[in-house]
Amino acid sequence: MEAKINKTHREGAVLFSPYDAGSSIKKALEVGRENILFEVRESKIKGRGGAGFPTATKWMLVAAAKADKKYIVCNADEGEPGTFKDRVLLTEYPDLVFDGMVVAGYTIGAEIGILYLRGEYIFMLEQLEDYLISMRQNNLLGKNILGKEGFNFDISIRLGSGAYVCGEETALIESLEGHRGEPRNRPPYPVNTGYMGYPTVVNNVETLASISKIITKGADWFKTHGTEKSTGSKLFSVSGDCKKPGVYELPWGTTLNELIKIVDAENTKAIQVGGASGVCIPKSQFDRQLSYEDASTGGSIMIFNESRKMLHVLKNFMDFFVEESCGQCTPCRIGNVKLLECVERIEKGEYTFSYINSMKDLSRTMQVASKCGLGQSSPNPFLSILENFKDEIFRSKENGVSHA
Amino acid sequence: MLVYEKNSLSDEIEVLIEKFGKERSALLPILQIIEKRHNYISEFAQQEVARLLDIHPVEVYSVVSFYNFLHRYPQGKNIVRLCKTISCDMAGKREIEEALKRELGINFDETTRDKKWTLEYTSCLGMCDQGPAMLVNDKVYTKLDPETAVQIINDTK
């Protein structure tokens, strides 16, 4: 059936709690920049895209920068396999996201916000454009917003064209500027030299949505959810072998065992936390917590039951990285091909353990030598699946491995 | 390419440049529209865009060749992109794949002779909770089974 946009009733402590459109902008304009920065810092919110950089630090750097222009970019290039929380936020809670962008724009002194929407989500473009028009009509966008003299801000939407690597913030900026989506060397970071060379904040969709809540309800309230180091709640995109897949809002610190019960999964063998670039956690470690300090994730949770072959899962991930590597730096461009080749050899039973060990060395080289997060994290599933499921992969005849 | 076709394409690109501006950042939106209208971005179109944006043609080529949704060779009028990532794979991507191949008589990364259909794989579409999923032009279809997938193709024709 065709994917349509329909608002379903969702329950959650933070993001899915009731919210009046525009209220965070109103509050932000009342309390002023200093207080917003203070609240955001106090809330200890970290980036929701996966990397977990403190949002307040980003904002302060750009707010303090002296430049003619500044930009706020919302990263909606949600390409990590198994992630679809931004789809839900943008189609069902655009008020939270866009209000968060306006608050960010006001705080850092930007007049232009850009939403970089992945090409695959073009089906929601019209609805988002309509929503922006209604914001302009209500003076939540445009000139002198809500009567605040001198605060002009508008948002435009730019479409991606099917490149996973553009979710990396510097690649995203390259793409916005009309180049190939190849990550830049960092430093300089986008907070200094971002879009068109101006200071730029790049935030995840969920981060900006959370900001709207922090501004309206306060940092102390936000901190009552989650753990000491991972404050607030998180949207988890759950897919795979479970009866109730979908987006769940849960506090940070939820354990994998708790999660399995919530989504009604049976005979679970493994959970891939953090998408293709995350790690695969076996049953013996299901007491681990979902948080920045333990099992960190941008929200992707993929569940595998006993019937799944982990080598097949690994092959699918490596296939993905070979295709999505931008090809700019050698460790990633060649490394991923070599790792995929290794998986294929294991599949055929044509391997030696010294070969596999050298591929593990290569993985560790990729982790330190690759230019961006893609190549640094693409060996994660390779290392974690070969380590955690070695019995299944190397000792079982069922896996199709022929021991001559 | 005939002369009048070239002229009309040039005119078309000029209009697009008037709309999006002469900045380099306009390149991707312009290419996306050309791709949508013509189902690919011909060598001549790349050269024209380069000339009007005042950049080297190889810059345009480098961008067209980078993005999965931009093509240098003619594609079918309709493009089917089937999600091949693991969640859709486990939900039954294989059966959809076979049904589409049989129905259209082509393999993936091929175009039918009447230039109506192109089959492609794509990475995660963000519909993992409702797999298997596919993108037909701008529309996303979820919870597919082989029969409905073929039905969607027939309805789009």
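Which loop of chain A does A:Asn139 lie in? The legends below answer this and other points for a predicted model.

**View 1. A:Asn139 in its loop.** A:Asn139 lies in the loop between α6 (125–137) and β3 (154–159) of chain A. Its phi is near 60°. That is a positive value in a residue other than glycine. Most residues other than glycine have a negative phi. A:Asn139 has 15 C-beta neighbours inside 10 Å, so A:Asn139 counts as partly exposed.

**View 2. B:Lys143 and its positive phi.** Look in chain B, in the loop between β5 and α7 (146–156), for B:Lys143. Phi of this residue is near 45°. B:Lys143 is partly exposed because 15 other C-beta atoms lie within 10 Å.

**View 3. A cis peptide bond in chain A.** The bond runs from A:Pro187 to A:Pro188. Its omega is near 0°. A:Pro188 sits in the loop between α7 (169–176) and β4 (200–204) of chain A. Most peptide bonds are trans.

**View 4. A cis peptide bond in chain B.** B:Gly131 and B:Pro132 are joined by a cis bond, with omega near -10°. B:Pro132 is found in the loop between β3 (117–122) and β4 (134–136) of chain B.

**View 5. Where chain B touches chain A.** Here 33 residues of chain B are in contact with 39 residues of chain A. On the chain B side, α2 (27–38), α4 (57–66), α5 (86–90) and β5 (139–141) each give two or more residues. α5(B) gives the most, with four residues. By class, this side of chain B has 17 nonpolar, ten polar and six charged residues.

Note on methods:
Residues numbered from 1 in each chain as written. Chains lettered and ligands numbered in written order. Predicted model: local features only at pLDDT ≥ 70, side-chain atom pairs only at ≥ 80, totals over all residues. Contact = placed C-beta atoms within 7 Å. Nonpolar A, V, L, I, M, F, W, Y, C, P; charged D, E, K, R; others polar. Buried ≥ 20, exposed ≤ 12 C-beta atoms within 10 Å, placed from the backbone.
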